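Please read the following briefing alongside the sequence and the model.

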Amino acid sequence: MAFSQSVIHVIRSQAPAKCGICDNDRPIKWKCIDCSKLLCNPCKEKVHPQFQNAKDHQVVNIKDVGQPTVVELNISKQYQTELTAVYCMSYCHDDSLWISYSRDKVIQRVKPERTKLNILSNFNIPVYGMAVTQSSNLLISTGESRLKQISSNTGTLTDSLYNVSPFNSTAVYINSDNKVLVAGGNKDRKLVILMNQNGAHERVYEHDQHKQPIFTNPRRITCTRNGNIHVVDGVSKGRYRVIVLGQGGDIIYIYAGDKEINKAIPFIPGDIVRTPRDNVIVTDMNTHTLHILNNAGLLMTCYKTSDINIMFPTSLAFSPTGQLNIGCSISAGDTKNAKIYEVTVSGC
(Lines give C-alpha, C1' and ligand atoms only; values in the text may rest on other atoms or scores of the structure.)
Protein backbone atom coordinates (compact mmCIF):
# COMPACT_ATOMS: atom_id res chain seq x y z
CA MET A 1 0.00 0.00 0.00
CA ALA A 2 1.57 3.30 -1.06
CA PHE A 3 1.20 6.63 0.72
CA SER A 4 2.06 10.18 -0.20
CA GLN A 5 1.57 11.92 3.14
CA SER A 6 4.46 14.03 4.32
CA VAL A 7 5.08 16.99 6.56
CA ILE A 8 8.15 19.22 6.80
CA HIS A 9 9.40 20.40 10.18
CA VAL A 10 12.09 22.98 10.85
CA ILE A 11 14.45 23.19 13.81
CA ARG A 12 13.42 25.29 16.79
CA SER A 13 15.18 26.88 19.74
CA GLN A 14 16.12 24.74 22.74
CA ALA A 15 16.64 25.08 26.48
CA PRO A 16 19.96 26.54 27.64
CA ALA A 17 22.73 23.97 28.06
CA LYS A 18 25.62 23.87 30.52
CA CYS A 19 29.34 23.72 29.90
CA GLY A 20 30.62 20.16 29.50
CA ILE A 21 33.79 20.92 31.48
CA CYS A 22 33.02 23.26 34.39
CA ASP A 23 30.12 23.51 36.83
CA ASN A 24 29.51 27.22 36.36
CA ASP A 25 26.39 28.72 34.78
CA ARG A 26 28.33 30.78 32.26
CA PRO A 27 26.75 31.13 28.80
CA ILE A 28 27.61 28.43 26.26
CA LYS A 29 29.49 29.91 23.31
CA TRP A 30 31.24 26.96 21.66
CA LYS A 31 31.05 23.27 20.82
CA CYS A 32 33.90 20.86 20.10
CA ILE A 33 32.76 18.67 17.22
CA ASP A 34 35.39 16.00 18.00
CA CYS A 35 34.70 15.47 21.71
CA SER A 36 31.06 16.69 21.58
CA LYS A 37 31.49 18.98 24.57
CA LEU A 38 29.68 22.29 24.93
CA LEU A 39 32.04 25.00 26.13
CA CYS A 40 31.84 28.31 27.90
CA ASN A 41 34.36 30.90 26.76
CA PRO A 42 36.90 30.44 29.64
CA CYS A 43 36.94 26.64 29.21
CA LYS A 44 37.31 27.00 25.46
CA GLU A 45 40.31 29.30 25.89
CA LYS A 46 42.07 27.70 28.89
CA VAL A 47 40.90 24.14 29.56
CA HIS A 48 39.98 22.55 26.25
CA PRO A 49 43.40 23.30 24.65
CA GLN A 50 44.93 20.96 27.28
CA PHE A 51 42.95 17.97 25.97
CA GLN A 52 44.87 15.32 24.07
CA ASN A 53 45.14 16.25 20.35
CA ALA A 54 43.08 19.38 21.04
CA LYS A 55 45.00 21.28 18.37
CA ASP A 56 43.37 18.99 15.80
CA HIS A 57 39.84 19.41 17.19
CA GLN A 58 37.20 21.47 15.43
CA VAL A 59 35.63 24.02 17.81
CA VAL A 60 32.68 25.93 16.36
CA ASN A 61 30.40 28.70 17.53
CA ILE A 62 27.25 27.21 19.06
CA LYS A 63 25.18 29.42 16.76
CA ASP A 64 26.62 27.57 13.78
CA VAL A 65 25.55 24.20 15.27
CA GLY A 66 21.94 25.29 15.43
CA GLN A 67 21.40 26.36 11.86
CA PRO A 68 17.88 25.54 10.60
CA THR A 69 17.49 22.00 9.32
CA VAL A 70 14.53 20.73 7.32
CA VAL A 71 13.18 17.31 8.34
CA GLU A 72 10.71 15.45 6.14
CA LEU A 73 8.91 12.13 6.64
CA ASN A 74 7.06 10.18 3.96
CA ILE A 75 5.09 7.00 4.65
CA SER A 76 5.79 4.35 2.03
CA LYS A 77 4.15 1.26 3.58
CA GLN A 78 2.17 0.16 6.61
CA TYR A 79 1.69 -3.26 8.16
CA GLN A 80 -0.80 -4.72 10.64
CA THR A 81 0.70 -6.81 13.45
CA GLU A 82 -0.86 -9.31 15.83
CA LEU A 83 0.41 -7.37 18.86
CA THR A 84 -1.39 -4.75 20.93
CA ALA A 85 1.83 -2.71 20.92
CA VAL A 86 5.20 -2.95 19.17
CA TYR A 87 7.33 -2.29 22.25
CA CYS A 88 10.67 -3.48 20.80
CA MET A 89 11.81 -3.83 17.20
CA SER A 90 15.10 -4.90 15.57
CA TYR A 91 16.00 -5.29 11.90
CA CYS A 92 17.79 -8.40 10.62
CA HIS A 93 20.25 -8.49 7.73
CA ASP A 94 17.77 -10.47 5.59
CA ASP A 95 15.16 -7.67 5.87
CA SER A 96 13.07 -9.56 8.42
CA LEU A 97 12.05 -7.89 11.67
CA TRP A 98 11.96 -9.00 15.29
CA ILE A 99 9.00 -7.39 17.08
CA SER A 100 7.75 -7.85 20.63
CA TYR A 101 5.50 -6.62 23.41
CA SER A 102 6.45 -7.54 26.97
CA ARG A 103 2.89 -7.52 28.35
CA ASP A 104 1.78 -9.99 25.69
CA LYS A 105 4.89 -12.08 26.50
CA VAL A 106 5.49 -12.64 22.81
CA ILE A 107 8.32 -12.06 20.36
CA GLN A 108 7.95 -12.69 16.63
CA ARG A 109 10.22 -12.72 13.64
CA VAL A 110 8.24 -11.34 10.73
CA LYS A 111 8.94 -10.76 7.05
CA PRO A 112 7.32 -7.76 5.34
CA GLU A 113 5.90 -8.82 2.00
CA ARG A 114 3.81 -6.29 0.09
CA THR A 115 1.28 -5.11 2.69
CA LYS A 116 1.44 -8.13 5.00
CA LEU A 117 3.74 -9.46 7.70
CA ASN A 118 4.48 -13.17 7.39
CA ILE A 119 5.36 -14.69 10.77
CA LEU A 120 8.56 -16.76 10.51
CA SER A 121 8.92 -17.69 14.19
CA ASN A 122 7.21 -17.04 17.50
CA PHE A 123 8.32 -17.30 21.16
CA ASN A 124 6.25 -16.75 24.30
CA ILE A 125 8.64 -14.87 26.56
CA PRO A 126 8.68 -11.34 28.01
CA VAL A 127 11.09 -9.01 26.18
CA TYR A 128 12.35 -5.69 27.58
CA GLY A 129 15.11 -5.07 25.07
CA MET A 130 16.73 -6.75 22.07
CA ALA A 131 19.54 -6.29 19.56
CA VAL A 132 20.81 -8.16 16.49
CA THR A 133 24.48 -9.19 16.45
CA GLN A 134 26.78 -9.04 13.43
CA SER A 135 26.26 -12.78 13.00
CA SER A 136 22.47 -12.14 12.88
CA ASN A 137 21.75 -13.78 16.25
CA LEU A 138 19.26 -11.96 18.48
CA LEU A 139 20.16 -10.97 22.04
CA ILE A 140 17.19 -10.52 24.36
CA SER A 141 16.75 -8.92 27.75
CA THR A 142 14.00 -10.83 29.57
CA GLY A 143 14.41 -9.03 32.90
CA GLU A 144 16.81 -11.69 34.21
CA SER A 145 20.56 -11.44 34.83
CA ARG A 146 21.62 -13.44 31.79
CA LEU A 147 20.60 -12.38 28.29
CA LYS A 148 18.87 -14.93 26.07
CA GLN A 149 19.88 -15.60 22.47
CA ILE A 150 17.98 -16.81 19.43
CA SER A 151 20.25 -18.42 16.83
CA SER A 152 19.90 -17.21 13.25
CA ASN A 153 20.90 -20.69 12.00
CA THR A 154 18.80 -23.01 14.14
CA GLY A 155 16.14 -20.64 15.47
CA THR A 156 16.62 -22.06 18.97
CA LEU A 157 16.37 -20.04 22.19
CA THR A 158 19.32 -20.46 24.58
CA ASP A 159 21.22 -18.64 27.29
CA SER A 160 23.89 -16.25 25.97
CA LEU A 161 27.39 -15.46 27.24
CA TYR A 162 26.21 -12.11 28.58
CA ASN A 163 25.47 -12.03 32.29
CA VAL A 164 25.08 -8.96 34.55
CA SER A 165 24.52 -10.86 37.81
CA PRO A 166 23.73 -9.82 40.54
CA PHE A 167 21.70 -7.31 38.51
CA ASN A 168 18.68 -7.78 36.26
CA SER A 169 18.84 -6.52 32.68
CA THR A 170 16.43 -3.92 31.31
CA ALA A 171 17.92 -2.99 27.91
CA VAL A 172 20.58 -4.13 25.44
CA TYR A 173 22.47 -2.46 22.59
CA ILE A 174 25.30 -3.62 20.31
CA ASN A 175 27.75 -0.91 19.26
CA SER A 176 29.80 -0.61 16.08
CA ASP A 177 32.66 -2.61 17.67
CA ASN A 178 30.23 -5.49 18.28
CA LYS A 179 30.47 -4.92 22.01
CA VAL A 180 27.35 -5.23 24.10
CA LEU A 181 25.92 -2.54 26.37
CA VAL A 182 23.42 -3.83 28.92
CA ALA A 183 21.38 -1.61 31.20
CA GLY A 184 20.16 -3.03 34.46
CA GLY A 185 20.24 -2.92 38.20
CA ASN A 186 18.68 -4.03 41.44
CA LYS A 187 16.87 -2.30 44.29
CA ASP A 188 19.92 -0.27 45.29
CA ARG A 189 22.00 0.21 42.13
CA LYS A 190 21.30 1.12 38.48
CA LEU A 191 23.97 0.97 35.79
CA VAL A 192 25.07 0.26 32.24
CA ILE A 193 27.71 -2.42 31.64
CA LEU A 194 29.94 -2.70 28.55
CA MET A 195 30.92 -6.28 27.64
CA ASN A 196 33.17 -7.71 24.96
CA GLN A 197 32.22 -10.53 22.60
CA ASN A 198 33.22 -13.12 25.20
CA GLY A 199 30.90 -11.64 27.82
CA ALA A 200 33.69 -10.15 29.93
CA HIS A 201 32.82 -6.88 31.66
CA GLU A 202 35.03 -4.08 30.33
CA ARG A 203 33.42 -1.02 31.89
CA VAL A 204 30.63 -0.03 34.25
CA TYR A 205 28.77 3.28 33.94
CA GLU A 206 27.18 3.98 37.31
CA HIS A 207 28.44 7.22 38.86
CA ASP A 208 29.05 10.67 37.39
CA GLN A 209 32.10 12.89 37.77
CA HIS A 210 30.80 13.93 41.21
CA LYS A 211 30.44 10.31 42.42
CA GLN A 212 26.65 10.54 42.24
CA PRO A 213 24.44 7.80 40.70
CA ILE A 214 23.77 8.49 37.02
CA PHE A 215 20.64 6.40 36.45
CA THR A 216 17.29 5.84 38.14
CA ASN A 217 15.71 3.32 35.76
CA PRO A 218 17.63 2.87 32.46
CA ARG A 219 15.28 1.54 29.76
CA ARG A 220 16.82 2.04 26.29
CA ILE A 221 20.31 2.61 24.86
CA THR A 222 21.90 3.80 21.64
CA CYS A 223 25.37 5.08 20.70
CA THR A 224 26.51 7.65 18.19
CA ARG A 225 29.64 7.25 16.09
CA ASN A 226 31.63 9.65 18.27
CA GLY A 227 31.24 7.23 21.19
CA ASN A 228 28.50 9.07 23.07
CA ILE A 229 26.07 6.78 24.88
CA HIS A 230 22.42 7.91 24.96
CA VAL A 231 20.29 6.28 27.66
CA VAL A 232 16.54 6.65 28.20
CA ASP A 233 16.11 6.85 31.97
CA GLY A 234 12.93 6.81 34.03
CA VAL A 235 13.27 9.16 37.00
CA SER A 236 9.82 8.56 38.50
CA LYS A 237 6.29 7.81 37.31
CA GLY A 238 5.59 10.21 34.46
CA ARG A 239 9.09 11.73 34.50
CA TYR A 240 11.74 10.59 32.03
CA ARG A 241 14.93 11.91 30.43
CA VAL A 242 17.69 11.06 27.97
CA ILE A 243 21.13 11.00 29.58
CA VAL A 244 24.11 11.48 27.24
CA LEU A 245 27.47 10.12 28.39
CA GLY A 246 30.72 11.12 26.69
CA GLN A 247 33.53 8.73 25.77
CA GLY A 248 34.99 9.09 29.26
CA GLY A 249 31.70 8.25 30.94
CA ASP A 250 30.92 11.79 32.13
CA ILE A 251 27.43 13.24 31.67
CA ILE A 252 27.62 15.79 28.87
CA TYR A 253 23.90 16.55 28.59
CA ILE A 254 20.46 15.59 29.90
CA TYR A 255 17.40 16.07 27.69
CA ALA A 256 14.04 16.05 29.49
CA GLY A 257 11.58 16.91 26.75
CA ASP A 258 10.39 19.96 24.84
CA LYS A 259 9.04 22.85 26.91
CA GLU A 260 6.13 23.40 24.51
CA ILE A 261 5.13 19.88 23.46
CA ASN A 262 5.57 18.47 26.97
CA LYS A 263 4.06 21.41 28.81
CA ALA A 264 0.80 19.56 29.50
CA ILE A 265 1.76 15.96 28.63
CA PRO A 266 4.95 14.58 30.22
CA PHE A 267 7.88 13.41 28.11
CA ILE A 268 7.75 9.58 28.22
CA PRO A 269 10.21 8.19 25.66
CA GLY A 270 9.53 4.67 24.43
CA ASP A 271 12.56 4.05 22.20
CA ILE A 272 15.73 5.68 20.93
CA VAL A 273 17.72 5.09 17.74
CA ARG A 274 20.73 6.58 15.95
CA THR A 275 20.11 7.97 12.46
CA PRO A 276 22.39 7.46 9.43
CA ARG A 277 23.53 11.08 9.91
CA ASP A 278 24.56 10.29 13.50
CA ASN A 279 21.72 12.15 15.17
CA VAL A 280 19.26 10.49 17.55
CA ILE A 281 15.47 10.02 17.34
CA VAL A 282 13.38 9.47 20.48
CA THR A 283 9.71 8.43 20.45
CA ASP A 284 7.23 10.25 22.69
CA MET A 285 4.12 8.08 22.43
CA ASN A 286 1.55 10.11 24.35
CA THR A 287 2.20 13.30 22.35
CA HIS A 288 2.55 11.44 19.00
CA THR A 289 5.99 13.02 18.58
CA LEU A 290 9.53 12.18 17.50
CA HIS A 291 12.18 14.23 19.32
CA ILE A 292 15.26 14.58 17.13
CA LEU A 293 18.53 15.28 18.99
CA ASN A 294 22.06 15.79 17.76
CA ASN A 295 24.84 13.44 18.87
CA ALA A 296 25.47 15.56 21.99
CA GLY A 297 21.82 15.30 23.05
CA LEU A 298 20.68 18.81 22.13
CA LEU A 299 17.23 19.18 20.62
CA MET A 300 17.18 19.77 16.87
CA THR A 301 13.45 19.55 16.24
CA CYS A 302 10.25 17.80 17.25
CA TYR A 303 8.23 16.01 14.58
CA LYS A 304 4.51 15.45 15.14
CA THR A 305 3.77 12.03 13.64
CA SER A 306 0.07 12.69 14.13
CA ASP A 307 0.39 15.16 11.22
CA ILE A 308 0.80 12.13 8.93
CA ASN A 309 -1.66 9.95 10.88
CA ILE A 310 0.93 7.90 12.79
CA MET A 311 -0.46 7.67 16.30
CA PHE A 312 1.27 6.50 19.49
CA PRO A 313 4.79 5.91 18.04
CA THR A 314 6.54 3.50 20.40
CA SER A 315 9.54 1.74 18.83
CA LEU A 316 12.04 2.51 16.08
CA ALA A 317 14.36 0.56 13.78
CA PHE A 318 16.34 1.58 10.70
CA SER A 319 16.61 -0.92 7.85
CA PRO A 320 20.02 -1.59 6.22
CA THR A 321 18.87 0.65 3.32
CA GLY A 322 18.04 3.58 5.62
CA GLN A 323 14.27 3.25 5.85
CA LEU A 324 12.84 4.08 9.27
CA ASN A 325 10.30 1.66 10.75
CA ILE A 326 7.98 3.06 13.41
CA GLY A 327 6.17 0.55 15.62
CA CYS A 328 3.06 1.87 17.34
CA SER A 329 0.69 1.17 20.22
CA ILE A 330 -3.07 1.22 20.13
CA SER A 331 -5.31 3.61 22.05
CA ALA A 332 -7.57 2.47 24.87
CA GLY A 333 -10.67 0.76 23.48
CA ASP A 334 -9.17 0.19 20.04
CA THR A 335 -10.14 -3.23 18.70
CA LYS A 336 -7.43 -3.38 16.04
CA ASN A 337 -3.85 -4.51 16.59
CA ALA A 338 -0.80 -2.26 16.46
CA LYS A 339 0.73 -1.13 13.16
CA ILE A 340 4.24 -0.69 11.81
CA TYR A 341 4.96 2.12 9.35
CA GLU A 342 7.85 2.13 6.92
CA VAL A 343 8.96 5.74 6.50
CA THR A 344 11.46 7.58 4.35
CA VAL A 345 13.13 10.24 6.50
CA SER A 346 15.36 13.08 5.30
CA GLY A 347 17.12 15.95 7.02
CA CYS A 348 18.26 14.17 10.17
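The sulfur of Cys88 lies 14 Å from the closest cysteine sulfur, that of Cys92, which is too far for a bond, given that a disulfide is defined as a pair of cysteine sulfur atoms within 2.5 Å. This is a predicted model, in which local features need pLDDT of at least 70 and side-chain atom pairs count only at pLDDT 80 or more, whereas totals for chains, interfaces and linings use all residues. Residues are numbered from 1 along each chain as its sequence is written, and side-chain values use heavy atoms, with hydrogens and water left out.

**Cysteines**
- Cys88 is buried, with a relative accessible area of 4%, where buried means under 20% relative accessible area, exposed over 50% and partly exposed in between, calculated with a 1.4 Å probe on protein chains only.
- The sulfur of Cys19 has its closest cysteine sulfur in Cys22, at 3.8 Å, and this too is too far for a bond.
- Cys19 counts as buried because its relative accessibility is 8%.
- By the sulfur–sulfur rule, the count of disulfides comes to zero.

**Confidence**
- The protein averages a pLDDT of 89, and 92% of the residues score at least 70, pLDDT being the predictor's confidence in each residue on a scale from 0 to 100.
- Among the elements of the protein, strand 23 has the highest mean pLDDT, 98, while strand 1 (residues 6–10) has the lowest, 52; helices (H or I, at least four residues) and strands (E, at least two) are DSSP runs numbered from the N terminus.
- Over residues 10–15 the pLDDT is below 50, and in the model this stretch has 20 contacts beyond near neighbours in sequence, a contact meaning heavy atoms within 4.5 Å.

- Four strands form an open sheet in the order 22-23-24-25, with antiparallel pairing; two strands pair if DSSP finds at least two bridges between them.
- Strand 22 (269–274) and strand 25 (299–304) stand at the edges with a single partner strand each, so one side of each is left without a neighbour in the sheet.
- Neighbouring strands of this sheet are turned by 20 degrees against each other on average, direction ignored, with axes taken as lines fitted to C-alpha atoms, for helices over the stretch in contact, and angles running from 0 to 180 degrees between N-to-C directions.
- Strand 23 (residues 280–284) and strand 24 (residues 289–293) run antiparallel and are joined by five bridges, and Asp284 has Thr289 as its bridge partner in strand 24.

**Loops and backbone geometry**
- Ser165 and Pro166 are joined by a cis peptide bond with omega of about 15 degrees, and Pro166 is found in the loop between strand 13 and strand 14 (168–174).
- Asn178, in the loop between strand 14 and strand 15 (180–185), has a phi near 65 degrees, a positive value in a residue other than glycine, and counts as buried at 13% relative accessibility.
- Asn53, in the loop between helix 1 (41–47) and strand 4 (59–61), also has a positive phi, near 60 degrees, and counts as partly exposed at 47% relative accessibility.
- Asn153, in the loop between strand 12 (146–150) and strand 13 (157–163), counts as exposed because its relative accessibility is 74%.
- Asn153 and Ser135 are 18 residues apart in sequence, and their C-alpha atoms are 9.6 Å apart in space.
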